[in-house]
Amino acid sequence: MSTPIGMPADPTLSHRAIENLIARYAELVDDGDFAGLGTLLADATFMGSGEPASGREAIEKMFKDTLIVYADGTPRTHHVTTNVAIEVDEHANTAVSRSYVTVFQALPDLPLQPIAAGRYHDRFARRDGRWRFTERRVRINLIGDVSRHAQQAAARR
């Protein structure tokens with residue numbers, strides 16, 4: 001949806017679209033839909049604890065290579081994103097956001113518990129009338145038992 005020339009864009013619509021992208025990311029991770037994550041972040045660079053990944057294929061591969069997936073096809077996690085702050089520059093068609101993330105996990109032999117908490121720092125661009133991620137930086141500040149979530153931690157177990 002584009003705004004007619006000379007008409008200011010509605011910042012409420014931009015905020016909602018960006019919030020929906022942030023929520024969609026959590027849903028896709030928790031569903032184990034790494035192809036969907038690759039599509040969602042196709043125009044982005046993802047920066048976490050490993051090497052940065054850019055583009056659909058590289059991001060999908062990074063998630064497949066990093067996370068443990070169980071028989072139900074999911075990592076058995078629940079990402080909760082809070083404290084979302086969004087700043088939109090309607091004229092430049094760009095936005096930034098900051099948010100908190102807490103990751104919970106439960107398995108038959110692992111009671112529900114938080115396994116990680118940190119912050120997301122995101123950048124977005126509006127192209128062809130649609131908001132898209134251009135960058136996601138993940139900084140995990142608090143780490144619990146991730147040995148059943150992250151393949152690298154499981155290898156050390």
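This report walks through a strand hairpin and the aromatic contacts of a predicted model.

## Ground rules

Local features here need pLDDT of at least 70, side-chain atom pairs count only at pLDDT 80 or more, and totals for chains, interfaces and linings use all residues. Numbering starts from 1 along each chain as its sequence is written, and side-chain values use heavy atoms, with hydrogens and water left out.

## The hairpin

Strands β3 (residues 77-89) and β4 (residues 94-107) run antiparallel, paired over 11 bridges. Strands (E, at least two residues) and helices (H or I, at least four) are DSSP runs numbered from the N terminus, and two strands pair if DSSP finds at least two bridges between them.

Asp89 has Thr94 of β4 as its bridge partner. Four residues separate the two strands of this hairpin, and Asn93 in the turn has a positive phi of about 60 degrees.

## Aromatic pairs

Searching the whole structure turns up six aromatic pairs (Phe, Tyr or Trp rings, using the six-membered ring for Trp, with centres within 6.5 Å; planes under 30 degrees apart are stacked, over 60 edge-to-face, the rest tilted). Phe34 and Phe63 count as stacked because their ring centres are 6.0 Å apart and their planes sit at 20 degrees. Phe34 belongs to helix α2 (residues 34-40) and Phe63 to helix α3 (residues 56-66), so the pair ties together parts 29 residues apart in sequence. Both are buried (under 20% relative accessible area; exposed is over 50%, partly exposed in between, with a 1.4 Å probe and protein chains only).

Phe124 and Phe133 are tilted, because their centres are 4.9 Å apart and their planes at 40 degrees. Phe124 is buried at 2% relative accessibility, and Phe133 is buried at 0%.

## Cluster and charge

Tyr25, Phe34, Phe46, Phe63 and Tyr120 make up one aromatic cluster. The charged end of Arg136 sits over the Tyr25 ring, 4.2 Å from its centre, and also over the Tyr120 ring, 3.6 Å from its centre (NZ of Lys or CZ of Arg within 6 Å of the ring centre and within 35 degrees of the ring normal).
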